[in-house]
Amino acid sequence: MRHLFKTHKDPFIALWLGNKKADLRDVSDRDKKPVLGDIVLFSEIDETGKDTHRMLECIVTHIQTGYVLAPEHVSMSIEIVKRHDYQLTEQSK
């Protein structure tokens, strides 16, 4: 299954560079929660919430729920599958 998460610039850059290898999310607004092996798409948004046309495609390598996390929260360890920079495509037109 695929999941799309909008992500602000600073955490997105940390994910993009590979410095951030996990992400904590509130998934209470979703019918399906991410599980091991799912694909997660992180879409970068700017300060106004506008799409920047950069996206990371990742696979979920570990899921953490419970313990100190609220029931609606999930911590996902991820591995980057592909980086998509549609800004380059848009600029080259």
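**Charge pairing and fold of the predicted chain**

Asp 29 is exposed, with a relative accessible area of 65%; here exposed denotes over 50% relative accessible area, buried under 20% and partly exposed the range in between, with a 1.4 Å probe and protein chains only. The model is predicted, so that local features need pLDDT of at least 70 and side-chain atom pairs count only at pLDDT 80 or more, whereas totals for chains, interfaces and linings use all residues. Residues are numbered from 1 along each chain as its sequence is written, and side-chain values use heavy atoms, with hydrogens and water left out.

Asp 29 takes part in a salt bridge with Arg 30, in which the closest N and O atoms lie 4.0 Å apart; the term requires a side-chain nitrogen of Lys or Arg within 4 Å of a carboxyl oxygen of Asp or Glu. Arg 30 is partly exposed, at 26% relative accessibility. A network of salt bridges with shared partners joins Lys 20, Asp 23 and Arg 25. Lys 20 counts as partly exposed at 26% relative accessibility, while Asp 23 is buried, with a relative accessible area of 4%.

By the stated rule, the count comes to five salt bridges. One of them pairs the side chains of Arg 2 and Glu 57, at 3.7 Å from N to O. Because Arg 2 belongs to strand β1 (residues 2-8) and Glu 57 to strand β4 (residues 51-64), this pair ties together parts that are 55 residues apart in sequence. Arg 2 counts as exposed, at 52% relative accessibility, whereas Glu 57 is buried at 14%. Over the protein chain, the mean positions of the 14 positive and 15 negative charges are 3 Å apart. Lys and Arg are counted as positive and Asp and Glu as negative, without His and the chain ends; each charge is placed at NZ of Lys, CZ of Arg, CG of Asp or CD of Glu.

The protein chain contains two helices and five strands, assigned as DSSP runs numbered from the N terminus (helices: H or I, at least four residues; strands: E, at least two). From the N terminus on, the elements follow the order β-α-β-β-β-β-α. The radius of gyration is 14 Å, close to the 12 Å that the globule rule gives for 93 residues, so the protein chain is as compact as a globular protein of that length; the radius is taken over C-alpha atoms, and the rule is 2.2 Å times the number of residues to the power 0.38. Along the principal axes, the C-alpha atoms fill a box of roughly 50 × 25 × 25 Å.

Of the 93 residues, 33% count as buried. The protein chain exposes about 6100 Å², of which carbon and sulfur atoms supply 53% (Shrake-Rupley method, 1.4 Å probe; for residues, only the protein chains shown count as cover). Among contacts (heavy atoms within 4.5 Å) between residues at least 6 apart in sequence, 62% join residues at least 24 apart.

Ser 77 lies in strand β5 (residues 73-85) and is partly exposed, with a relative accessible area of 23%. The C-alpha atoms of Ser 77 and Lys 20 are separated by 9.1 Å, the two residues being 57 residues apart along the chain. Neighbours within four places in sequence left aside, Ser 77 is in contact with Lys 21, Ala 22, Ile 59, Val 60, Thr 61 and His 62.
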